[in-house]
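Please look through the sequence and the model below before reading on.

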Amino acid sequence: MIIVFTYAHPDDAEFLAGGSLAKWVEDGHDVYAICATNGDLGTRDKFITSQNLANMRKNELKEAMKVFGANEPIFLNFPDGLIQKHPDELKEQLVYWFRKLKPNRIVTLDPWKTYEPHPDHISIGKIASEAAVFSCFPLLYPDHLKEGLEPHQPKEIWFMTPMEHKPNRLVDISKTFNKKIEAILCHRSQVEMLADLFVEGADPTHLSDEIKKKLREGLESLLNMVAQAQGSLSNGKIEMAEAFYALKVGAGHFNNEQEIIKEMIGFPLEEPEIH
Ligand SMILES: [Zn+2]
């Protein structure tokens, strides 16, 4: 299966779904990451330039994807914090990449979380969903077809950390949790910003080895708790999980009449499927 993660900032997927990403690569799926920005706002260091930060963060994501064994990441280079100003260009780019990579599954951020304060997370989730629905229509962006691409319909959109829906997919990350941590630690510029959460008074711009060790332990223990909490949604079947809300898209995605009726009456709650 071809799985495409589409998100806003270089570390989004690792924090929210890194265990699943690792598992899918290990299971033999072809996994890609499309990062809409290069994360050039993500610092508290007043002396770094945007360009240096962007280069640093791109390298961090490349390194993380190597830890997973996934494909080299694709950067769309929209300005960090301002995706909402470029909806049409982003949609065109995502339709282009969906037609090129032909994913079966798109994984993105949940744009319908009520208390999501980051506009990039809302924008990417909405636009990635739109692109997944529209990439099958040949009259949309016909220039793509002139370049030799074909219309393509992804079958499912999986929203990471769904807060407003009961998750309907749980991925067992017990065996890939360590890889998730390794990949997150590649994002040094971001992890170090979290230092004072775990070590009181730590200055994120000057961290000793001892503080870095405490930071790693704190992060590991926090993410362990999150994974166990999500795992508990399986009623004891799995210990550590990442939860998703999966939405089937495209004409003909129903297996039977009951599924059509279920969608038309408003997505009633279902038991989560375990992957
Ligand atoms: Zn983000």
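Which residue just after helix 3 takes a positive phi? That residue is Lys 102, whose phi is about 55°. This is a predicted model, in which local features need pLDDT of at least 70 and side-chain atom pairs count only at pLDDT 80 or more, whereas totals for chains, interfaces and linings use all residues. Residues are numbered from 1 along each chain as its sequence is written.

Helix 3 itself covers residues 87-101, helices (H or I, at least four residues) and strands (E, at least two) being DSSP runs numbered from the N terminus. From its first C-alpha to its last, helix 3 reaches 21 Å, close to the 21 Å expected at 1.5 Å a residue for its 15 residues, where the expected span is 1.5 Å times one less than the number of residues. Its buried residues are Leu 90, Gln 93, Leu 94, Val 95, Trp 97, Phe 98 and Arg 99; a residue is buried if 20 or more other C-beta atoms lie within 10 Å of its own, exposed if 12 or fewer, and partly exposed in between, with C-beta atoms placed from the backbone. These buried residues pack against strand 1 (2-7), strand 2 (30-37), strand 3 (74-78), helix 4 (119-134) and helix 5 (142-146), contact meaning that the C-beta atoms of two residues, placed from the backbone, lie within 7 Å.

Strand 3 pairs with strand 2 in the parallel sense over 3 bridges, and Ile 74 in strand 3 stands opposite Ile 34.

Strand 7 has two antiparallel pairings to follow: one with strand 5 over 5 bridges, and one with strand 6, to which 4 bridges join it. Lys 248 in strand 7 stands opposite Glu 156, while Ala 243 in strand 7 is the bridge partner of Leu 170. Because 6 of its 8 residues are buried, strand 7 is largely enclosed by the rest of the structure.

In soluble globular proteins, nonpolar side chains tend to be buried together. Here the largest nonpolar core has 63 residues, and those with the most contacts inside it are Phe 5, Leu 21, Ala 36, Phe 68, Leu 94, Ile 124 and Ala 241. Helix 1 (residues 12-26) gives the most to this core, with 7 residues. A nonpolar core is a set of buried Ala, Val, Leu, Ile, Met, Phe, Trp, Tyr and Cys residues joined through C-beta atoms within 7 Å. Leaving aside residues up to four places away in sequence, Leu 21 touches Phe 5, Ala 13, Val 31, Phe 68 and Ala 70.

Glu 220, by comparison, lies in helix 9 (residues 209-231) and is partly exposed, with 16 other C-beta atoms within 10 Å.

For the protein chain as a whole, the secondary structure comes to 10 helices and 8 strands. Buried residues make up 41% of its 275 residues, and its C-alpha atoms fill a box of roughly 60 × 45 × 35 Å along the principal axes.

How values were computed: Two strands pair if DSSP finds at least two bridges between them.
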